[in-house]
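Here is a short report on a two-chain model. It covers the interface, the confidence scores and the helix packing.

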Amino acid sequence: MLRKLLIGTALASGLAFAAHAEDVKEVQMLHWWTSGGEAAALNVLKGDLAKEGYAWKDVPVAGGGGDAAMTALKAMVAAGNYPTASQMLGYTVLDYAAAGVMGDLTETAKKEGWDKSVPAALQKFSVYDGKWVAAPVNVHSVNWLWINKAVMDKIGGTEPKTFDDFVALLDKAKAAGVIPLALGGQNWQEATMFDSVVLSTGGPEFYKKAFNDLDDASLKSDTMKKSFDNLAKLVTYVDPNFSGRDWNLATAMVIKGDALVQVMGDWAKGEFHAAKKTPGTDFLCYRFPGTDGSVIYNSDMFGMFNVPDDRKAAQVALATATLSKSFQSAFNVVKGSVPARTDVPDTDFDACGKKGIADLKAANDGGTLFGSLAQGYGAPPAVANAYKDVVSKFVHGQIKTSDEAVTELVKAIDDAK
Amino acid sequence: MSTVATSQIKLTPEQARPRASVRSRLQDALPKIVLAPSFAITIVFVYGFILWTIYLSFTNSKTFPSYVITGSRAYQRLWGWTFDTDPPSSWYTSITNMGIFGFLYIFICLALGLFLAILLDQKIRGEGVLRPIYLYPMALSFIVTGVAWKWFLDPGLGLEQTLHQWGWTSFHFDWIKNKDFVIYTVVIAGVWQASGFIMAMFLAGLRGIDGEIMKAAQIDGATTFQLYRRIVIPLLRPIFLSAFIVLAHLAIKSYDLVVALTSGGPGGSAWLPSNFMYEYTFKRNEMAVGSASAVIMLMTIIAIIVPYLYSELREKPR
C-alpha cells in the first residue's frame with residue numbers, strides 16, 4: 001500500500017515535472033524603449049513577470065529608433081524565428097496579421113474582458129479578423145499644448161480656447177522677446193502638429209473624413225486649404241533654426257523658458273518629469289485650442305506572434321500582465337501616456353494624466369477618438385508618409401501656397417493608396 | 001614468400017602514382033578551394049540578390065516580398081516622379097542631389113587631393129606629421145563625420161554662433177537649414193573626409209615618378225607649371241582611375257552621411273537615391289518601388305563605370 005502510494009507520488013511528481021519542463025519560462029521581447037524613462041517604465045513589467053517566474057529576454061536591436069527595430073523584426077519573421085512579442089505601431093500589426101504570423105489571444109481577451117475595457121478605436125488595430133493579435137500598452141494623444149508657466153505668467157497669457165486666441169497668445173510672446181513656438185523641423189513633428197491644426201480648423205467630423213477615411217472631397221476642400229493657411233501662420237512663430245531639430249530639444253526650449261509653447265504628443269511630459277518639473281506650477285498642459293473633447297491618439301502595442309506551443313504560456317502571461325490594471329497604471333504614470341483600458345483608476349496620475357484619462361473616456365464614449373495620421377494610426381504607412389512629405393514640403397517652402405498643398409496632398413495620397 | 005614480395009613490388013608504384021597525382025591535383029586545386037567559399041558567397045549575396053531585387057521590382061511587394069509578377073508599375077511611378085519638378089517629388093530631389101553631390105564630391109576631392117599631394121611632395125619639413133593629419137578623417141565613420149559637421153554648421157551652435165560671439169555679427173551661414181543649399185553641406189563634409197585619403201593616393205603616385213624624367217624636363221627648360229601639366233599629371237593617370245572608382249562608389253553609397261548630417265534635410269531636400277530606397281522599402285512598405293529605385297541606381301553606376309573602365313583598361317596601341 002505504502003509502496004503503491006510512493007510510486008504514485010513519484011509518477012505524479014514526475015509528470016508534473018515533465019509538464020513543467022515543456023513550457024519555456026522566458027519572454028523574448030523586441031522593443032526600442034531604451035531611453036531612461038521608457039526603460040524604467042518597462043522594468044515594471046519585467047518585475048511583474050519575474051514574480052510569476054518568467055525570465056525576460058530583450059531581443060537586441062542595433063540603433064535607436066523604431067525603424068531599426070522594424071527592420072530587425074522583418075528579418076526575424078522572414079527567418080521563422082518569432083519573438084514572443086514585439087513593440088509595434090498601428091498598421092504594422094495588421095500587416096503582420098495579414099501575413100498570418102500573429103498568434104491568437106482571444107481566449108485570454110475574453111477571460112480578462114478586454115473587449116469591454118479597451119477603446120473600440122484601439123481594437124481596430126489589436127483585433128484582426130475577430131482574433132486578438134496584440135495587447136495595447138498605452139494611449140498617447142497628440143493634440144496637446146505644453147506651455148512654460150513662468151513665461152506664460154510673464155506675458156500675462158491665459159488658456160487659449162480658439163485658434164485665434166492661440167495666435168494672439170503667440171503674438172504676446174513674440175512681443176515679449178521669447179520664441180513663441182518651439183518646433184522641430186522634422187516631417188513627423190510638423191505633421192503631428194498639422195493633425196491638431198486640422199482637427200481644430202475642421203472639427204471632429206472633418207478630421208475623421210479626411211484623415212481616417214481619406215475622403216477625396218474633404219482632402220481637397222476649402223477647410224483643408226484653411227488648415228494649411230493656419231499651419232503657415234503657426235510656422236511664422238518658430239525660430240529660424242528650427243529645421244531638423246529633434247523633438248526633445250524643442251521640449252527643452254520650453255522647459256528652459258526659451259520658448260513659450262510646444263505642440264507635441266504627451267510623450268513630451270516625460271521630458272518635463274525628467275527635468276523635475278511639476279504640472280500646474282512649472283508647466284501647463286492644455287488641449288490644442290479648438291480640439292477639447294476630441295482625442296487624436298496613437299498607441300504602443302505588443303504584437304503577439306504565433307509562437308510554438310511550448311512558448312504560448314509565457315506569451316499569455318505577458319499579455320495578461322500587460323493589460324493588468326496595476327501595470328497599466330504604474331507604466332503609464334512613468335511613460336506620460338494614459339492606460340489603454342478605460343477602467344483604470346487615475347489616483348496615481350498627475351493633473352495632466354488625470355485630464356488625459358478623462359478625455360480619452362469622453363472621446364471613446366462620444367465617438368471623437370481618432371487615429372493620428374502623422375503617427376501612423378490614420379492610414380497605412382505609405383499614405384501616412386506621403387502626407388508627411390506634403391506637410392513638410394509646405395512648411396519648408398517647396399510647396400508655396402495652400403492651393404498647391406491641397407492638390408499635392410490629394411495626388412500623393414491617391415498615388416500611395 | 002617470393003610471390004608476396006613481387007606483388008608488393010608491383011603494388012608500390014601503382015599506389016604511389018595515384019597518391020602523387022592526388023597531391024599534385026590537390027595543389028592545383030588549392031587556390032580554387034580556398035577561393036570557393038568567398039566566390040560562392042559573392043555569387044549568392046551580391047549577384048543572387050541583384051537578380052532577386054530586379055525580380056521584386058516587377059512584383060507588387062509591399063511590406064513583405066511577394067512573388068507574383070504584376071508588371072512595371074513601380075518603374076512607371078518612378079518615371080512619373082522623375083518629371084515632377086514643382087513641387088519636386090522625393091525621387092526628383094534624390095536624383096538631382098545625386099548629380100550635384102556626385103559631381104562636386106568627386107571633382108573637388110580629386111582636385112584638392114592632387115593639390116595637397118603636390119604641396120606635400122615639395123620635400124617640406126614635417127611631412128611625417130602633416131600626412132596623417134590629412135589622412136585621419138578617413139578613419140572616422142560617416143556617422144561621426146555627419147554629427148560633427150552637423151554641430152559645426154548649425155547656426156545656433158557652431159561656426160555662425162562662435163563668430164557672432166567674437167563680434168562678427170553680420171556673418172551668416174545657414175546652408176544646413178536651407179532647402180536649396182543643404183546638399184552642398186553634404187558635399188563639404190564628404191570632401192573633408194575623403195580628400196586626405198585621395199591625397200595619400202596621389203602622393204604615392206608622385207613618389208613613384210622617376211626623378212630622371214623631371215630633371216630632364218627641367219634641363220630642357222620646362223617651367224614648374226609645364227612640368228606638372230605635361231609630365232606629372234599624365235603619368236598619374238592610373239591613380240586618377242583608382243581614385244575615381246573609390247570616390248564614385250563612396251558617393252553612390254552615401255546614406256549615413258545624409259542621415260547623420262541633415263536627417264533628410266528640410267522637407268526631405270537632402271535625400272540621395274539610397275535614402276529614397278531605404279525609406280520606401282522599409283518605412284513606407286513599398287518594397288517594389290524601393291527595389292525599382294535600387295535597380296535604377298545600379299544601372300546608373302554601370303552606365304558610368306563600365307565605359308570608363310573599358311576606355312582606361314583596354315590595351316593601348318603603342
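Start with the interface. In this predicted model, 19 residues of chain B are in contact with 24 residues of chain A.

**Confidence**

The model scores ipTM 0.82 and pTM 0.85. Chain A has a mean pLDDT of 89, with 93% of its residues at 70 or more.

Chain B has a mean pLDDT of 87, and 92% of its residues reach 70 or more. Residues 1-9 of chain B have pLDDT below 50 and, beyond near neighbours in sequence, 0 contacts in the model. Among the elements of chain B, helix H1 (residues 2-57) has the lowest mean pLDDT, 77. Helix H3 (residues 90-120) of chain B has the highest, 94.

**Helix packing**

Two packed helices are described by the angle between their axes and the distance between the axes. One pair from each chain is listed here.

| Helix pair | Angle between axes | Distance between axes |
|---|---|---|
| H10 (residues 187-212) and H18 (residues 381-396) of chain A | roughly 95 degrees | within 8 Å |
| H10 (residues 237-253) and H13 (residues 287-313) of chain B | about 180 degrees | 12 Å |

Take chain A. The crossing angle of roughly 95 degrees makes H10(A) roughly perpendicular to H18(A). H10(A) contributes A:Asn187, A:Trp188, A:Glu190, A:Ala191 and A:Phe194 to the contact. From H18(A) come A:Tyr387, A:Lys388, A:Asp389, A:Val391, A:Ser392 and A:Val395. By class, the contact residues are 6 nonpolar, 2 polar and 3 charged.

Now chain B. With an angle of about 180 degrees, H10(B) is roughly antiparallel to H13(B). B:Leu241, B:Ala248 and B:Ile252 of H10(B) meet B:Met297, B:Ile301, B:Ile304, B:Ile305 and B:Glu312 of H13(B). This contact has 7 nonpolar residues, no polar ones and 1 charged.

**A two-sided helix**

Which residues of helix H2 (residues 73-82) of chain B are buried? They are B:Ala74, B:Leu78 and B:Trp81. These three cover an arc of only 60 degrees around the axis, so they lie on the same side of H2(B). An α-helix has 3.6 residues a turn, so residues three or four places apart point the same way. On the other side of H2(B), B:Gln76 and B:Gly80 are exposed.

Definitions and conventions:
Residues are numbered from 1 along each chain as its sequence is written. Chains are lettered from A and ligands numbered from 1 in the order in which they are written. This is a predicted model: local features need pLDDT of at least 70, side-chain atom pairs count only at pLDDT 80 or more; totals for chains, interfaces and linings use all residues. pLDDT is the predictor's confidence in each residue, from 0 to 100. Two residues are in contact if their C-beta atoms, placed from the backbone, lie within 7 Å. Helices (H or I, at least four residues) and strands (E, at least two) are DSSP runs, numbered from the N terminus. Axes are lines fitted to C-alpha atoms, for helices over the stretch in contact, and angles run from 0 to 180 degrees between N-to-C directions. Angles under 35 degrees count as roughly parallel, over 145 as roughly antiparallel, 65 to 115 as roughly perpendicular and the rest as oblique. Ala, Val, Leu, Ile, Met, Phe, Trp, Tyr, Cys and Pro count as nonpolar, Asp, Glu, Lys and Arg as charged, and the others, Gly among them, as polar. A residue is buried if 20 or more other C-beta atoms lie within 10 Å of its own, exposed if 12 or fewer, and partly exposed in between; C-beta atoms are placed from the backbone. The arc is that of the directions from the helix axis to the C-beta atoms.
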